[in-house]
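User: Can you take me through the salt bridges and one of the sheets in this model?

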Amino acid sequence: MKAKAYLIKYAEIGIKGKNRNTFEQALVDRIREACARVEGDFAVTREAGRIYVTAQSDFEEDEIVGALQKVFGIVWICPVVQVADHGFEDLKKQVVRYMQEEYPAGNFTFKVKSRRARKSYPVHSQQMNADLGEAILQAFPAARVDVHDPQVLLSVEVRDNEINIYSRQISGAGGMPVGTGGKAMLLLSGGIDSPVAGYMISRRGVALEAVYFNAPPYTSDRALQKVEDLAAIISAWTGPIRLHIINFTEIQLAIYQKCPHEELTIIMRRYMMRIAERIARKNGCLGLVTGESIGQVASQTMQSLICTNAVCSLPVYRPVIAFDKQDIVDVAERIGTFDTSTLPYEDCCTIFVAKHPVTHPILHIIEDSEQKLADVSEEMIEKALAGDVVVECRKN
């Protein structure tokens with residue numbers, strides 16, 4: 001009795017009230033996109049608070065489950081055996097057969113949880129629980145009923161057109177369907193933090209574009225490829241990401257030559273935020289996303305964040321702001337970005353770092369230092385924006 005259908009369970013979407021239909025449809029759309037990346041033909045359907053993925057051809061379970069586990073909004077994936085209604089006696093036989101194939105050892109505790117979506121079914125839920133449980137006990141002498149903490153929770157759902165039997169629940173990614181939370185611009189570096197930040201905010205339903213600040217010849221083509229690879233890895237959850245590649249060399253050199261060295265990182269970050277915001281507005285983004293975590297480096301103290309925020313009118317979202325480094329590393333390892341992030345190819349921030357960066361910058365002092373660039377500031381920004389190269393990154 002190989003499962004050819006998957007019941008998709010969600011959580012937060014169920015409490016969306018009058019907007020629930022919109023969120024459900026967005027989840028269906030994301031599921032269809034995931035299924036299209038897997039070999040096989042799958043139908044995705046909605047009915048009465050249920051979403052089903054049903055195989056229409058041969059398929060590999062590991063592949064379809066792996067794809068569904070990367071769809072934000074899915075909490076549980078339940079492989080379902082669907083049987084026709086040929087009467088309750090036949091259902092008892094089908095349930096016993098299912099348990100024999102799923103748990104051949106026969107030594108387990110269990111609970112039966114029945115549900116009649118079709119109220120005309122002649123056996124009530126409580127009676128179904130008792131009678132199906134009795135049939136299982138007769139078939140498995142070593143099995144025991146445990147209604148509080150069973151090893152196997154067998155669900156039997158009587159629907160309009162078939163009866164669902166399932167006991168496995170495979171964890172999904174949780175969160176909200178991508179696209180239901182608007183779109184944001186991720187400042188993506190080659191480090192560990194920003195890919196995790198992109199993953200985390202996308203888990204809340206936010207679609208992503210990304211911007212990377214390149215500094216040739218001080219950074220290599222391998223550093224750029226590393227960032228493209230990171231964008232492709234997180235696109236497995238977010239969908240394809242448009243990566244904007246900005247040549248930042250001229251701006252960095254001007255800052256390096258004209259501004260106090262202890263303020264280099266803060267001033268560079270301010271210019272990055274200015275440019276990222278302009279690209280964000282042009283592309284319909286509602287905010288910026290960074291991988292900053294309070295106190296992790298000099299440019300991420302509270303005082304430093306005040307100075308970088310000051311140049312933005314769009315909100316700046318920092319999903320890992322309260323994480324310590326190990327928290328971020330744990331997520332990076334789980335989503336598969338860690339190994340790529342730790343490749344030894346430097347980005348522009350690490351190349352032009354100050355030896356003794358200011359950790360408690362004062363905004364008006366930073367603004368005064370930037371006045372040394374006033375005559376070329378707008379010209380450099382416009383030139384950088386004019387050279388914007390866009391690459392679409394997606395998981396193969």
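This is a predicted model: local features need pLDDT of at least 70, side-chain atom pairs count only at pLDDT 80 or more; totals for chains, interfaces and linings use all residues.

User: How many salt bridges does the structure hold?

Analyst: 23, each being a side-chain nitrogen of Lys or Arg within 4 Å of a carboxyl oxygen of Asp or Glu.

User: What does E12 form a salt bridge with?

Analyst: R204, with the closest N and O atoms 2.9 Å apart. The pair links distant parts of the chain, 192 residues apart. Helices (H or I, at least four residues) and strands (E, at least two) are DSSP runs, numbered from the N terminus.

User: Is E277 buried or exposed?

Analyst: E277 is buried, at 9% relative accessible area; buried means under 20%, exposed over 50%, partly exposed in between (1.4 Å probe, protein chains only). Its salt-bridge partner is R281, at 3.9 Å, N to O, and R281 is partly exposed at 47%.

User: New topic. What is the strand order in the open sheet of six strands?

Analyst: 14-13-10-11-12-15, with mixed pairing; two strands pair if DSSP finds at least two bridges between them. Strand 14 (316-317) and strand 15 (389-393) each have a single partner strand, so one side of each lacks a neighbour in the sheet.

User: In which sense do strand 10 and strand 13 pair?

Analyst: Parallel, over two bridges. M185 has L288 in strand 13 as its bridge partner.

Key. Residues are numbered from 1 along each chain as its sequence is written. Side-chain values use heavy atoms; hydrogens and water are left out.
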